[in-house]
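Here are some notes to read beside the model. Please keep the structure open while you go through the points, and look up each residue as it is named.

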Amino acid sequence: MVEPADRSSTAGQRLGAPESFGVSTLEPGLRPPAQPPGRQVSMRVQMLDDTQEVFQISQRSPGKVLFDLVCAHLNLVEGDYFGLEYQDQRKMTVWLDLLKPTLKQIRRPKNTILRFVVKFFPPDHTQLMEELTRYLFALQIKRDLACGRLICNDTSAALMVSHIIQSEIGDFDETQSWQHLLHNKYLPDQDAIRDEIIDCHREHVGQTPAVSDYQLLEIARRLEMYGVRLHPAKDREGTKLSLAVANSGVLVFQGNTKINSFNWSKIRKLSFKRKRFLIKLRADPTQNAHHDTLEFAMASRDCCKVFWKICVEYHAFFRLFEEPKPRPKPILFTRGSSFRFSGRTQKQIIDYVKDSEPKKVPFERKHSKILSNSSMSPQSASTRSHGKPGSSPSNNKHNTLNQPVQMIDGSTSSGTDTSDTESDTGSRSPGSEKSSLGGPHVAVNGNGSVNGQRMGRTGVLGAEQSAEVQPLSPLTSPLLTEAGYVRNDEEDEARRKKFPTDKAYFIAKELLTTERTYLNDLQVITESFHSAVGKDEAFPDSVKSLISANYDPVYKFHQGFLKETEQRLAQWEGRSNAHIKGDYQRIGDVLLKNIQGLRQLTIHLQKHSECLVELERACRSSRKVETLCRDFEQQRVCYLPLNIFLLRPLHRLLHYKLILERLCKHYPPTHDDFRDCRAALADISEMVLQLQGIMMKMENFQKLIELKKDLTGVEDLISPGREFIRLGCLSKLSGKGLQQRMFFLFSDCLVYTSRGMTPSNQFKVHGQLPLYGMTIRESEEEWGVPHSFTLFGQRQSVVVAASCASEMERWVEDIRMAIDLAEQSSSLNNDLLSTSLSDNKLSEDGGVEQESEDELGGSRSSLERQGHRGNTTVHVCWHRNTSVSMVDFSIAVENQLSGNLLRKFKNSNGWQKLWVVFTNFSLFFYKSHQDDYPLASLPLLGYSVTVPSESENIHKDYVFKLHFKSHVYYFRSESEYTFERWMEVIRSATCSTSRPLPSTRKDLY
């Protein structure tokens, strides 16, 4: 064996994992070290898809060798959620101890079948990072349902079975679904609810097997019996009970009803004495001391020990940060058991997958009949043989299931993104004769049955047929083919090309991804905000009813719109069997139908401005309502200012218009989809024109509301006729030199401020310059300050300097335009300064504490989420020394975008897949589009977006680079179209614009 000192440091060793005797699941793709010398023994393992595999291990190997070989055979990264169970000589089901020699636990290996099953059930299935892991969990749920272990009501059972059927046979077909239910038993009393199962299956059109697994686990995890394995016991009075262990602690059941639970935090010690199982609780001041120990009688000492061991393992797996270290061996006497948990804890698994992002590889679904675009044979094997070197393969017989299988490409729940995360994998020679895993030799297994019942389509290869044909096991990763090579980037490219490449498809996909984000934003108003303020009597019922009456119908309508769009994209990609029934490679008909439906909601859209005004009026009139809204904005789900969510439906109309314009520009007039797209564009253009006046007024009103929260020392900021034009950083020349100030330009005045040190991070107003009668003059030569200009007002003059020539040009142009607006306006200028500031003018020479770039939440890690008022656009401009105009805000509204991107840091090797939302000059990062709130955000103001140079060694297509000072991020998109779109929208945020307002804008106010 190789000495440990000679080995390179692996991820497992860096995590503090014990020395591995086999392939660690931390290191997929590595060959196992040589096993201990000695006779080889065959161990038979039954997988979750009912296939059986035989592995060769040394007779002195510990259990971890066998377990790691099984995980490597499946290419399973998150293998620590699983375990191997078997029946011992006492007919008790026990777990294989990974630290003890296997043959000391299993006395008769030839007559023992180990079962690879789920051992640890996490409370939330979203903690399972790999699609293969979720698929295996779904198989476990399917097995638990069939054997009656997972007990639930008929509604939940029917819904779960319908998701299982959807993943196996695809979209609903009445005859096929009935036949499938007749030949397969998923529930003990399946016939009683067969009609209900069929009705549920009818609703899953277009749903991929991966999404079906996700939905199945979502339902199962909410059930009381999810992951529960009952251990019979009795209490002190002799009442029959059952004990179980879960991620939260120890549970007590009477029959199938949970009657008590003991959280890990309340348990001081778990022990057993003979056949008594003892739970010692932490002292509770409200109870007597003799009540702190609970005693349960079990059938035998062995039953107690089996349950105690699984409790120890559950506690360590879910509660500890790392694997517990072994106790030092006693010199003379031993006391108590030396048993301990072996393997990675859940935290270590999650951290490892997040940090390394191993490459996801395709795998086969044994029972799925949905055809795939894979080059792999559609026949799924239930038996195969890899004999020892030198053995004759002709001695082995093979059984195969003659049914198609589904290849899963590691795509997201939408099933469209196939450019997944990457990690380095060791290569193997294509001509290798030995098993690429270097140890296990897989032998004949399986009977081609599902839940013990023979499938009607099963065929058996006779002995006279060629035994050299060895199809892969349904759960074996095709990382290793018969030639034994590793999939490379060229194969990834080929795999990605199986999806449509037409530009229209990616435009339609942009519609889908942005619609998902839009629906989540609507949900913030209709559900999150409603639940936050709904029960508080201080919030006016009239405002509550107004918002519900005008946003709920829009939300329900777009739920249907999203479902239709998802189904059409699934059909377009060929992910459902519906694509064989017609031409679905179009989106115009879906858009036309729903935009015509959306026109019926125009009356609600027109009322959204009233909702915004009434909510602001309620906040102004009641401090309690203002506090409620401010507290809601601090919640993670409210990742933008609340008022922006209220304007989302109006902004979404602009998105539809831009998407349809791109489709009409792409299609030739003779295309089948052109007519529908053109008709839909005409309808949405009419709606935008009808609502444009309301939209522009509300955008300005919303911006003034937000600025009012950021400023202290102003009165009546929101007044009729006042327009916001630009905000940003300028340096003001005073007696102590240049000092950084934040300037706010409105249509009637210019206000300058400094950042206060208040808990709310507001900006303190130092002065106000009326625009009426103001003149402006460049004064770089006069004061010797680069990019400086002087503002001459009626009462005072101010010298300011911009950070660069382009920034100065934007300010000068906008100030001149604002002066023209002020002189044309007949309304008198209102004094914005509060009385206290007017009477006691702040000293401009007073020092203002300067803050570094790293104090901004968006740049400390550039991704950390800070308090809402401390990370607004105003604060970002202050730290990045830049400015933003109202025109920039309008452009940002039009350029919102969502979708999957691969992200890479400057000094990292792997790519991490994230769901990314661009809005409000920032990127928001999610694990998936189903998350309720972002994990982090990256404000883009001040950043530059470019393409990586050759020297940066980013040898991938469609990669763009974001750079600000020392912060560098690389992002990779899936196609040329999405790459161009991301570059376009990010440039709109990183490159400030200075343009005159539309000629109609002044007339609208």
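1. A salt bridge here is a side-chain nitrogen of Lys or Arg within 4 Å of a carboxyl oxygen of Asp or Glu. Glu510, Arg662, Arg981 and Glu984 are joined in a network of such salt bridges, and by this rule the count comes to 46 salt bridges. As background, side chains of opposite charge can pair when their charged atoms come close.

2. A word on the source of these values: this is a predicted model, in which local features need pLDDT of at least 70 and side-chain atom pairs count only at pLDDT 80 or more, while totals for chains, interfaces and linings use all residues. Residues are numbered from 1 along each chain as its sequence is written, and side-chain values use heavy atoms, with hydrogens and water left out.

3. For an overview, the chain has 27 helices and 35 strands, where helices (H or I, at least four residues) and strands (E, at least two) are DSSP runs numbered from the N terminus. Of the 1005 residues of the chain, 56% count as buried; buried means under 20% relative accessible area, exposed means over 50%, and partly exposed lies in between (1.4 Å probe, protein chains only). Contact means heavy atoms within 4.5 Å, and among the contacts in the chain with a separation of 6 or more, 67% come from residues 24 or more positions apart.

4. How do helix H12 and helix H18 pack, in angle and in distance between their axes? Helix H12 (residues 503–533) and helix H18 (residues 648–666) pack at an angle of about 175 degrees, with their axes 10 Å apart; axes are lines fitted to C-alpha atoms, for helices over the stretch in contact, and angles run from 0 to 180 degrees between N-to-C directions. That makes H12 roughly antiparallel to H18, given that angles under 35 degrees count as roughly parallel, over 145 as roughly antiparallel, 65 to 115 as roughly perpendicular and the rest as oblique. The residues that make the contact include Glu510, Leu511 and Tyr518 of H12 and Tyr656, Arg662 and Leu663 of H18. By class, this contact has 9 nonpolar, 2 polar and 7 charged residues, where Ala, Val, Leu, Ile, Met, Phe, Trp, Tyr, Cys and Pro count as nonpolar, Asp, Glu, Lys and Arg as charged, and the others, Gly among them, as polar.

5. The axes of helix H5 (residues 154–169) and helix H6 (residues 174–183) come within 11 Å and cross at roughly 110 degrees, which means that H5 is roughly perpendicular to H6. Here Val161, Ile165, Glu168 and Ile169 in H5 meet Gln176, Ser177, His180 and Leu181 in H6, and the contact has 4 nonpolar, 3 polar and 1 charged residues.

6. A nonpolar core is a set of buried Ala, Val, Leu, Ile, Met, Phe, Trp, Tyr and Cys residues joined through side-chain atoms within 4.5 Å. The largest nonpolar core has 128 residues, and those with the most contacts inside it are Leu663, Leu923 and Trp982. A second, separate core of 101 residues includes Val94, Leu128, Tyr135 and Leu243.

7. Is helix H24 largely enclosed or open? In H24 (residues 873–880), 8 of the 8 residues are buried, so this helix is largely enclosed by the rest of the structure; Trp878 and Arg880 are among the buried residues. H24 is followed by asparagine 881, whose phi is positive, near 55 degrees. Arginine 568, placed in helix H13 (residues 541–573), is likewise buried, with a relative accessible area of 11%.

8. Two individual salt bridges deserve a look. Arginine 276 forms a salt bridge with glutamate 295, the closest N and O atoms being 3.2 Å apart. Arginine 276 lies in strand S11 (residues 276–281) and glutamate 295 in strand S12 (residues 293–297), so the pair ties together parts that are 19 residues apart in sequence. Glutamate 610 forms a salt bridge with lysine 607, with the closest N and O atoms 3.4 Å apart; being 3 residues apart in helix H15 (residues 602–621), these two are separated by about one helical turn. Glutamate 610 is partly exposed at 33% relative accessible area, and lysine 607 counts as partly exposed at 34%.
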